[in-house]
Amino acid sequence: MARIANGAGVNKQLIFYYFGSKQGLYEDVVRDAAAAAGGEGKSDPGGPGQLRAALNQMYAFLSSHSEVVAALVERSGETGPADTVRVTANELLFPIRRAIAEGQGLGYFRDDADPELAAAQALTLCLGHLALRGVWVGSIASPGEWTSATRDLLARGLAW
């Protein structure tokens, strides 16, 4: 908390006053970050283009918010009154679930695919890659190549 206060140019008591606790600060940061990741933009209605756009948006957001990646990875097994990690994951997954469900309704994607499960798999792939990127540096693919391959894998796996 002291490091956060110093970085923000305020005293620690002000952070506690505003957020109530470390958990309150964490929940607020993660909630704001997830809302920012959700975005409102859509490409084509339903279909692979919308799914790719949603995946791009999630990856781009998480790539530039390492603190959210760390929070989701490090706190994934924790539960609590607000279950913030689960709420955050659900907010990140919403655009992907929506793209898959709309794509199914329009006939682009298989009806037997569960949008919830596919979206969770997408988030897991993204978090895994970002959490382990130091391991893969120079050995597998650049971040752009990895992101493109993941998008294609998911879109093709859902297609008829």
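## Close-up views of helix packing

**View 1. In a right-handed crossing, α6 passes α7.** A crossing is right-handed if the near helix is turned clockwise from the far one by less than a right angle, and left-handed if anticlockwise. Welcome to a predicted model, in which local features need pLDDT of at least 70, side-chain atom pairs count only at pLDDT 80 or more, and totals for chains, interfaces and linings use all residues. Residues are numbered from 1 along each chain as its sequence is written, and side-chain values use heavy atoms, leaving out hydrogens and water. Helix α6 spans residues 84-105 and helix α7 spans residues 115-131; their axes lie 8 Å apart and the packing angle is about 130°. Axes are lines fitted to C-alpha atoms, for helices over the stretch in contact, with angles from 0 to 180 degrees between N-to-C directions. The two helices are therefore oblique to each other (under 35 degrees is roughly parallel, over 145 roughly antiparallel, 65 to 115 roughly perpendicular, the rest oblique).

**View 2. Here are the residues where α6 touches α7.** From α6, the contact (heavy atoms within 4.5 Å) includes Ala89, Leu92, Leu93, Ile96 and Arg97. On the α7 side, Pro115, Glu116, Ala118 and Leu123 are among the partners. By class, the contact of α6 with α7 has twelve nonpolar, two polar and two charged residues. Ala, Val, Leu, Ile, Met, Phe, Trp, Tyr, Cys and Pro count as nonpolar, Asp, Glu, Lys and Arg as charged, and the others, Gly among them, as polar.

**View 3. Helix α5 also packs with α7.** Helix α5 runs over residues 66-74, and its axis is 10 Å from that of α7, at an angle of about 110°. That angle makes α5 roughly perpendicular to α7. Look for Val69, Leu72 and Val73 in α5, which meet Leu127, Leu130 and Ala131 in α7. The residues of this contact are six nonpolar, no polar and no charged.

**View 4. Arg156 sits in helix α9, residues 143-158.** Arg156 counts as exposed because its relative accessibility is 63% (buried is under 20%, exposed over 50%, partly exposed in between, with a 1.4 Å probe and protein chains only). Pro48 is 108 residues away from Arg156 along the chain, yet their C-alpha atoms are separated by 8.3 Å.

**View 5. Stepping back, the chain has nine helices and zero strands.** Helices (H or I, at least four residues) and strands (E, at least two) are DSSP runs, numbered from the N terminus. Buried residues make up 38% of the 160 residues in the chain. Among contacts between residues at least 6 apart in sequence, 68% join residues at least 24 apart.
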